[in-house]
Amino acid sequence: MERRIRLIQAMPACVHCATPFSASKPGEHFCCRGCEYVHELIHQEGFDRFYELRGDATVRPVRSLPFESRDFGWLDEAVAAAEAGCAPGAGVEAEFSLEGISCVGCVWLVEHLFLRHEGALQADTHPATGHVRLRWACGRMDLRAFAEEAASFGYALTKKRAGGSVGEARRMATRLGLCGAFAMNAMVFTLPRYLGMPPDFAFAGIFKLVVFLSATLAMLVGGSYFIRRAWESLRMGVVHIDLPIALGLILAYVGSIAGWLLDVRTLLYFDFVGTFVFLMLLGRYLQVAALEKNRNRLQRSRPVPESVRGADGGAPLGLDDISPGTRFEIDPGQSVPVAATLDRAAVEFSLEWINGEANPETFQAGRQVPAGAIHLGREPARFTARETWEGSLLSKLANTTREAARVPALEKLLRVYLIAVIVIGVAGFAAWWSHAGGAPALQVMISVFVVSCPCALGVALPFADELAGARMERNGVFIREPLLWSRLRLVRTLIFDKTGTLTLERPVLDNPEAVEGLDGAARFALAVLTRDSLHPVSRSLLESLGHDGQRMLRGGVAADATVNDLPGMGRLVEIDGELWSLGRPGWVAKAGGETADNGPWADLPSHHHDAELRRGGVPVARFRFRESLRPDAASALAELRRRGHRMVILSGDRPEKVRKAAGLLGIADADAHAGLKPEEKEALVREIDRRDTLYLGDGANDSLAFNAAWTTGTPVVDRSLLESKADFYFLGQGLRFLPLLLDLAKRRRRAVSSAFVFALVYNFAAVGAALAGWMSPLVAAVIMPLSSVISLGIVGWGLRSGDAARAGSARGGDVDVRTQVAADPREVVGTV
């Protein structure tokens with residue numbers, strides 16, 4: 001088993017982003033053309049220190065971002081607002097969101113890119129929030145030039161978005177620092193008493209007062225966090241792990257006050273209270289900080305517009321203001337928010353969010369466009385609404401909220417635990433009261449409640465999550481929800497969307513030699529024709545041109561030539577008096593229209609994705625495309641099938657394509673469902689799920705199915721709504737991480753179970769000592785942190801295996817890249 005796990009983990013990592021990927025040929029060092037382009041650009045510009053600062057951290061793959069045309073018109077308004085009323089040369093600032101930033105190297109690179117522009121003063125970038133604050137000299141800087149340069153390095157500057165704050169983690173860090181100081185004070189001023197300070201010592205009363213105030217402040221600052229959460233969970237009828245923590249803190253604090261007032265030294269647990277609050281906050285901070293970082297890591301703009309423009313340049317309309325008959329416009333790249341009628345001209349739309357089909361579809365004027373269709377044209381499109389936003393399918397798909405997760409087994413265990421502790425404590429009090437009196441009985445009861453606090457588990461559980469999460473991050477997988485691990489161990493059925501999840505998100509160029517063989521003029525024409533197109537074929541071609549294509553666009557005298565779109569046919573542009581076209585096979589573009597082709601290749605069979613580049617109507621190159629499975633999908637699913645997992649495909653794509661994908665992946669026809677609407681996907685998941693399903697999808701049409709699945713994951717793709725809804729997301733192109741993820745969940749379970757067994761033994765021993773009257777504040781102060789350290793060691797030992805995940809990291813590794821090429825060519829070039 002361990003050998004198989006090591007084989008699954010041992011993959012080369014992208015030299016630029018450090019994301020593990022499956023190489024399709026020996027010597028392949030990048031997961032995508034975007035990373036290859038940015039790596040070369042960083043080297044050319046002398047920014048190689050970026051990789052030293054990045055270290056082993058996994059950053060988001062660049063993908064197609066440097067090749068996309070972006071509209072920074074909004075930036076002029078932001079600059080004007082920031083510079084309003086300022087004196088020339090005075091410092092002004094504004095805050096923006098920055099997509100793609102995630103490590104110290106990113107911070108360094110963005111700062112250096114900004115400061116080399118004239119008028120730039122300071123750039124403060126925050127990877128945890130995805131925000132950047134820029135400061136520049138009023139009227140002396142071209143901020144748009146910086147935004148365009150940052151995009152070429154893989155960072156997209158956008159309007160500052162709501163969210164993306166560190167919120168709870170930042171507040172908890174403040175609590176943690178204060179409670180650490182309070183705990184230290186409590187321990188320092190309690191130590192003289194443990195070392196034999198006599199009660200009549202001159203400063204003994206002051207020491208007691210300092211300890212009491214330190215514990216009180218710790219309760220107010222840190223203990224209140226657990227008490228509030230425990231109370232809120234009880235109000236909702238949920239027994240949370242914070243409840244025994246809060247109960248132990250309250251009883252220890254109240255008992256200590258009683259001991260102080262009654263002058264019973266064996267009841268003084270103030271130092272325990274301070275230390276316990278600090279340790280519990282430390283464990284919770286590790287957990288919350290990691291989750292918030294992963295949730296904020298992909299804060300980015302979405303194709304769903306927040307508002308639309310009224311027709312003919314009218315005032316902006318909120319989505320809630322749309323009603324049947326409302327006329328509105330949307331920009332290229334945005335989705336149609338409601339079902340609407342296209343008012344004029346033919347426009348190409350992608351329906352991938354609706355049915356999973358990657359192929360664009362042309363809509364003529366007067367045809368109804370479904371909600372969720374993504375506008376692929378170059379000019380704004382005008383519509384007449386046929387429904388309200390509230391009634392549209394997209395409003396349901398765009399809803400990223402999910403029902404709060406609960407673990408009934410844990411709640412039951414906590415109930416039994418609390419009842420047992422209370423019964424034992426009260427019984428001990430009654431037994432000692434009968435023969436020793438009130439003070440010893442109270443000391444025994446408080447001791448039972450104090451030593452039974454789940455301190456060891458309160459630290460060990462977050463530590464286990466941190467270790468497991470860090471291991472998966474090295475494999476390009478990022479955890480968003482804390483209950484993922486407990487749910488993964490129950491997974492028996494894996495449900496996949498097809499397009500973009502089992503397959504790559506856009507068609508793959510099957511004959512790259514066609515691009516490599518173009519002369520300079522043809523390469524430049526191809527770059528111009530594809531530079532700002534949202535069509536998946538155009539984007540694949542522009543990426544294939546790589547650094548050379550971007551250099552041509554920046555330096556070409558005709559780079560600003562007007563490109564004309566003929567929806568459903570192709571694009572044409574005139575360069576130096578010659579007409580160039582890129583379109584479907586057999587289409588000849590002319591300045592005044594198009595005709596059928598009778599020239600070369602006209603009689604050759606064509607695939608739906610094929611395209612031709614023509615010069616003056618004469619074919620120059622033909623490009624063949626295919627929809628390809630993710631590089632290691634077949635091997636990953638074969639390993640999961642060998643372990644007894646069931647695999648299911650739920651797709652909106654055509655039946656013949658789904659059947660072919662299922663055949664390549666070894667999935668039974670009965671488990672391969674095609675032509676599904678989002679509601680039908682949700683219904684099937686609810687039918688299949690027995691609290692044991694893992695659903696992997698990438699599109700808005702998977703959003704409703706996410707609500708029904710036991711746990712969920714999503715790949716990071718160019719257009720997605722699901723990163724903010726999934727329990728985890730992954731950056732790489734492959735699925736080889738899946739067996740490792742499920743195996744790691746089981747190993748975490750075993751490690752946590754071992755820590756739990758130790759906690760039980762510790763509690764039995766400690767409670768027994770308390771009932772015997774042997775427990776004292778000094779003993780409790782020693783065994784509590786000691787038990788926590790032992791629990792951490794048990795968890796760390798239990799999760800020690802699997803460190804081979806670092807093999808093949810961007811620092812080199814000793815993995816022979818030849819072993820990474822799939823033996824079965826279908827894994828890399830499987831055409832669907």
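This short talk covers three residues: Ala18, Arg691 and Val369.

Ground rules, briefly. This is a predicted model, where local features need pLDDT of at least 70, side-chain atom pairs count only at pLDDT 80 or more, and totals for chains, interfaces and linings use all residues. Residues are numbered from 1 along each chain as its sequence is written, and side-chain values use heavy atoms, with hydrogens and water left out.

Start with Ala18. Its phi is near 70°, a positive value, and the residue is not glycine. Where does Ala18 sit? In the loop between helix 1 (2–9) and helix 2 (33–44). Helices here are DSSP runs of H or I, at least four residues, and strands are runs of E, at least two, numbered from the N terminus. Ala18 counts as buried because its relative accessibility is 6%. The cut-offs: buried is under 20% relative accessible area, exposed is over 50%, and partly exposed lies in between, with a 1.4 Å probe and protein chains only.

Next, Arg691. Phi is positive here too, near 60°, again in a residue other than glycine. Arg691 is in the loop between helix 23 (678–688) and strand 27 (693–696). At 43% relative accessibility, Arg691 counts as partly exposed.

Last, Val369. This one belongs to strand 11, residues 368–369. Its relative accessibility is 0%, so Val369 counts as buried. What does Val369 touch, leaving aside neighbours within four places in sequence? Its contacts (heavy atoms within 4.5 Å) are Val336, Val338, Ala339, Ala340, Leu342, Phe349, Phe363 and Phe383. Take Leu342: it is 27 residues from Val369 along the chain, and their C-alpha atoms are 6.6 Å apart.
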